[in-house]
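Reader: Hello! I would like to learn how to read this structure, one feature at a time.
Author: Gladly. Let us look at it together.

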Amino acid sequence: MYHLDISTSWDSTAPPWSDLSDSNSSTTVPGINSAFAGAATLSDHSNILVNGGSTAPDLSAVSSSTAQFDTRTNTWSVPVISDRSLKQSRYYHSLLSDGQGRIWIWGGRDTEQYYNTWAVMDTTTWSISYPEIQNAPSPRIQHTATMVPDGKVIIIGGLTYSRNVTDPLGGQILNPVSMADLLLFDMATAKWTNLTAGGNVPAPRREHTSVLSRDSSSIIVFGGGDPRFNNVNMNDVFVLNLTSLLWSSPSPSNEPPPPRKSHQAIMVKDSMLIMFGNNGEDSAYNDVHIMDTANWSWKTQYDINDDEPKDTESMGSSTGENSQHVTSLQAELATKALFGAIILASALAMIGLICLIGSIISYHRTKSRQRRSKSLDNVLSETYLQDIRELIRMGTLHSQLHSSTTPQKPDIENDISSQKPNEQDSHR
């Protein structure tokens with residue numbers, strides 16, 4: 001067991017590994033020296049769980065054992081699992097911690113069969129369940145499983161044990177999986193969904209690594225082996241956008257690591273650390289490489305930023321940092337929503353005040369026009385009445401003058417002089 005300190009700065013040409021084996025050499029853990037085992041960090045961020053793997057160089061024996069390493073005391077322990085032991089011995093499988101004390105084990109194989117089933121280990125009670133899930137995909141090995149913040153798992157790449165299309169008898173063989181064909185598993189609903197990714201789709205690969213980006217918006221894939229040839233490996237970088245499901249390929253600066261498969265990758269802030277692996281030529285690596293995902297460049301110096309909290313948790317192994325990211329994002333959205341509501345309420349209040357002032361001004365202008373109109377009508381009415389009276393007076397005078405020279409005739413018309421001024425105004 002080795003330990004790499006990532007709380008200090010160091011050069012990748014001489015990473016400060018510490019051998020912890022001497023401190024617990026008296027501890028014997030059966031089956032812990034197994035190849036292609038699965039490992040995950042538990043929800044307490046202090047214990048590492050290791051499960052399964054092959055215990056023979058030729059992969060002829062497979063372990064079903066589970067062991068736990070406590071990073072605080074540097075000691076191994078073997079948990080006593082109640083109910084029934086893990087009956088499915090596996091290697092080439094995937095392990096995930098859901099951050100709630102459960103380890104989800106999927107895929108893999110033993111010496112005789114391939115698996116497409118889940119085994120769920122509850123580390124709070126040390127019990128195991130085997131949920132029966134409908135519409136399960138084909139068995140798969142050498143894939144990656146990445147937890148995303150919404151409680152879902154994305155399965156990428158690897159090999160499926162499925163029908164041989166060239167066999168008329170319908171036999172099954174290991175087939176490469178297109179990197180455009182993704183599997184999504186929802187832990188809450190226990191449902192599988194097939195997804196199709198587009199963009200610059202990577203070549204099929206196995207024994208690669210997939211880690212969640214720091215902002216939880218994408219999955220970063222590095223390296224892996226060609227499914228067709230054992231000695232052909234890759235050292236390219238691809239990014240899957242989780243919103244658009246589009247692949248892209250950044251062009252990192254500086255010299256990349258040698259091509260490899262069966263390696264490890266973890267995210268520490270914006271740095272993706274690539275460690276170990278093999279080249280397919282019966283030789284292995286013990287190096288460490290650093291990818292700066294903020295600037296997409298390979299660098300040799302690992303620097304810890306003291307302005308930020310020191311978070312050493314692998315984003316591909318636990319949801320701790322993802323949950324913090326989601327909580328922070330929710331708080332930011334809530335704050336923006338509050339400010340938006342305040343601005344909207346202020347705008348509506350201002351509009352209402354302007355409308356009220358406009359209504360008051362319009363009301364006063366209308367009343368003023370009415371008063372002026374009424375005054376004008378009164379003036380016109382009084383002038384009109386005066387004209388009528390003058391006409392009546394002149395008509396009476398004319399009548400009197402005329403009657404003094406000619407005989408009067410019966411008047412069959414209404415005498416205008418007999419009408420009252422208010423009646424004339426009424427007719428008007």
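Reader: Which residues have the most contacts inside the largest nonpolar core?
Author: First, a word on the source: this is a predicted model, where local features need pLDDT of at least 70, side-chain atom pairs count only at pLDDT 80 or more, and totals for chains, interfaces and linings use all residues. Residues are numbered from 1 along each chain as its sequence is written, and side-chain values use heavy atoms, with hydrogens and water left out. A nonpolar core is a set of buried Ala, Val, Leu, Ile, Met, Phe, Trp, Tyr and Cys residues joined through side-chain atoms within 4.5 Å; buried means under 20% relative accessible area, exposed over 50%, and partly exposed in between (1.4 Å probe, protein chains only). Here the largest core has 15 residues, and Ile154, Ile156, Leu182, Ile219, Leu240 and Trp247 have the most contacts inside it. At least two core residues come from each of β14 (152-156), β17 (181-186), β21 (218-225) and β22 (233-241). There is also a second, separate core of 14 residues, with Trp118, Ile133, Met147 and Val153 among them.

Reader: What does Leu182 touch?
Author: Contact means heavy atoms within 4.5 Å. Not counting residues up to four places away in sequence, the partners of Leu182 include Ile156, Leu240 and Trp247, and also Thr193 and Asn194.

Reader: How many helices and strands does the protein chain have?
Author: Helices (H or I, at least four residues) and strands (E, at least two) are DSSP runs, numbered from the N terminus. By that count, the protein chain has 2 helices and 28 strands. Of its 428 residues, 40% are buried.

Reader: Where do the side chains of β13 point?
Author: In a regular strand the side chains alternate between the two faces of the sheet. In β13 (residues 144-148), Thr144, Thr146 and Val148 point one way, while Ala145 and Met147 point the other way. The strand is mostly covered, with 5 of its 5 residues buried.

Reader: How many bridges join β13 to β14?
Author: Strands of a sheet pair through backbone hydrogen bonds, either parallel or antiparallel. Two strands count as paired if DSSP finds at least two bridges between them. β13 and β14 run antiparallel and are joined by 5 bridges, with Met147 opposite Val153. Their hairpin has 3 residues between the strands, and Gly151 there takes a positive phi near 75 degrees.

Reader: What is the strand order in the open sheet of 4 strands?
Author: The order is β24-β25-β26-β27, with antiparallel pairing. β24 and β27 (297-299) are the edge strands, each pairing on one side only. From one strand to the next, the twist averages 30 degrees (axes are lines fitted to C-alpha atoms, and angles run from 0 to 180 degrees between N-to-C directions). Between β26 and β27 there are 3 bridges, and Met291 has Trp298 as its bridge partner in β27.

Reader: Is Ser262 buried or partly exposed?
Author: Ser262 is partly exposed because its relative accessible area is 27%. Ser262 lies in the loop between β23 (246-248) and β24 (264-268). Its contacts, leaving out residues up to four places away in sequence, are Phe36, Glu207, Gly277 and Asn278.

Reader: Where is Asn279 found?
Author: Asn279 sits in the loop between β25 (271-275) and β26 (288-292). Beyond its neighbours within four places in sequence, Asn279 is in contact with Asn231, Asn233, Pro259 and Tyr285.
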